Amino acid sequence: MRGREDEWTGLMRSAMAGDDAAYHRLLKAVTPVLRAAARRGLARAGQPPDQAEDIVQEILLAVHLKRHTWDSEAPFAPWLFAIARNKLIDALRRRGRRVFVNIDDFAETLPGETPQETASAGEVTAQINTLPQRQRDVLQSIAVESASIKDTAAKFSMSEGAVRVALHRGLAALTAKLRDH
Amino acid sequence: MDTDQLIRSLAADNAHRAPRVGAVLTMALLVAAPLSILIFATFLGVRPDVMSAMHNPFFDMKFAVTLSLAIPAIIVSLHLSRPEALMRGWGWLLLLPVGLLAVAIGSEAMMAPAMPMTMRLVGKNSRVCLVAIPAMSLPLLAGALFGLRHGAPSHPALAGALAGLVSAGLAATLYASHCTDDSPLFVATWYTLAAAFVAAVGALAGSKVLRY
């Protein structure tokens, strides 16, 4: 457990230093842990576990948009679990349940407890369709068609800078819509 | 969109660098301050006898009290803008103005009273104080909330209350230069009431706008 968390901290430090691949690996590595915790939270609230993926995606978006609040001298896991806990409580509250979410839900993931590799979620998909055209196009291109920033820029005859701006704004708008809807 | 696809788009946005919460908070307060100063200059102004008042330690003490509220409140609110932050170990910073006031009240009590206690307590400006501090706080409160929105506080109402204390502390610093009531008893009563009101407004607003 310690080793895993140290590895996360190292990856996040590299990510903040500009290593996109390290960031990708980190997000992939934390996702099963978040998924297991979201399922457990839903189960305890008497909710079906199929909404877990929506919550996982909301947590990932929040992690992304608030990563400047992480202190690179501090371990990554407590920061991550605090954001995850906050988002899980919010999600359950929106579904009309008041539950106590234990921080140990995140820390105590048993090895081997890795439910399905990836899953689709309804809420993010639904909200993407309400984004402005350009942001939606850029997000679709990068996320779904796995095009690079460069290829996306060429495809829509935009500058790479404009693609980056549209991508970031799209992600920020998506997060706001998920929070407020 | 499946989660792998979302992760891919987040990784593609890794180059985006957001400024620190402290930088955004500082900027927002600097933008809001002229509005509060405008309210001050239009309706209040510095008291006419300010040059002689500066020799009165109780006049100077008012600024020590208000700044010892505003500055620690900024520090604690920045601490709480990190999601994993706890109040434990930081709350005592907010007791600094309380301690200063207690010392000031004690030293005033040991001096020969210039005025009866009820006069010192009620003063001449209690109503102005209760209106002016919240009014001058409002632009600063909006600025502080805007700045803290950039953070990720786990307790939005608490962070909002701290934004209220930041703005009330700064507004009270302005107000202190206008008010002719220098007794620590006056400050302890009316400044505290005004600051508590602004903190409550901040908590209410914070619980709405500081969720992330």
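Biologist: What makes helix α2 (residues 20–44) of chain A and α1(B) roughly antiparallel to each other?

Modeller: This is a predicted model, and the angle comes from its coordinates. The axes of α2(A) and α1(B) cross at roughly 150 degrees. Angles over 145 degrees count as roughly antiparallel. Therefore α2(A) and α1(B) are roughly antiparallel.

Biologist: Which other terms describe the pair α2(A) and α1(B)?

Modeller: Two packed helices are described by the angle between their axes and the distance between the axes. Here the axes come within 9 Å. The crossing of α2(A) past α1(B) is right-handed.

Biologist: Which residues of α2(A) and α1(B) meet?

Modeller: From α2(A) come D20(A), Y23(A), H24(A), L27(A), K28(A) and T31(A). They meet T3(B), I7(B), L10(B) and A11(B) in α1(B). By class, the residues of this contact are five nonpolar, three polar and two charged.

Biologist: How many residues does each chain bring to the contact between chain A and chain B?

Modeller: Chain B brings 28 residues and chain A brings 40. On the side of chain B, helix α1 (residues 3–12) gives the most, with ten residues. That side of chain B divides into twelve nonpolar, eight polar and eight charged residues.

Biologist: Why is A153(A) called buried?

Modeller: A153(A) has 20 C-beta neighbours inside 10 Å. The cut-off for buried is 20 or more. A153(A) therefore counts as buried.

Biologist: Where is A153(A), and which residues does A153(A) touch?

Modeller: A153(A) sits in helix α8 (residues 149–155) of chain A. Leaving out residues up to four places away in sequence, A153(A) touches M158(A), S159(A), E160(A) and V163(A). G122(A) is 31 residues from A153(A) in sequence, and their C-alpha atoms are 28 Å apart.

Biologist: In chain A, where is confidence lowest and where highest?

Modeller: Helix α5 (residues 104–107) is lowest, at a mean of 62. Helix α3 (residues 52–65) is highest, at 95. Over chain A the mean pLDDT is 87, and 86% of the residues reach 70 or more.

Conventions:
Residues numbered from 1 in each chain as written. Chains lettered and ligands numbered in written order. Predicted model: local features only at pLDDT ≥ 70, side-chain atom pairs only at ≥ 80, totals over all residues. Contact = placed C-beta atoms within 7 Å. Helix = DSSP H or I, 4+ residues; strand = E, 2+ residues; numbered from the N terminus. Nonpolar A, V, L, I, M, F, W, Y, C, P; charged D, E, K, R; others polar. Axes fitted to C-alpha atoms, helices over the stretch in contact; angles between N-to-C directions. Parallel < 35°, antiparallel > 145°, perpendicular 65-115°, else oblique. Left-handed = near helix turned anticlockwise from the far one by under 90°. pLDDT = per-residue confidence, 0-100. Buried ≥ 20, exposed ≤ 12 C-beta atoms within 10 Å, placed from the backbone.
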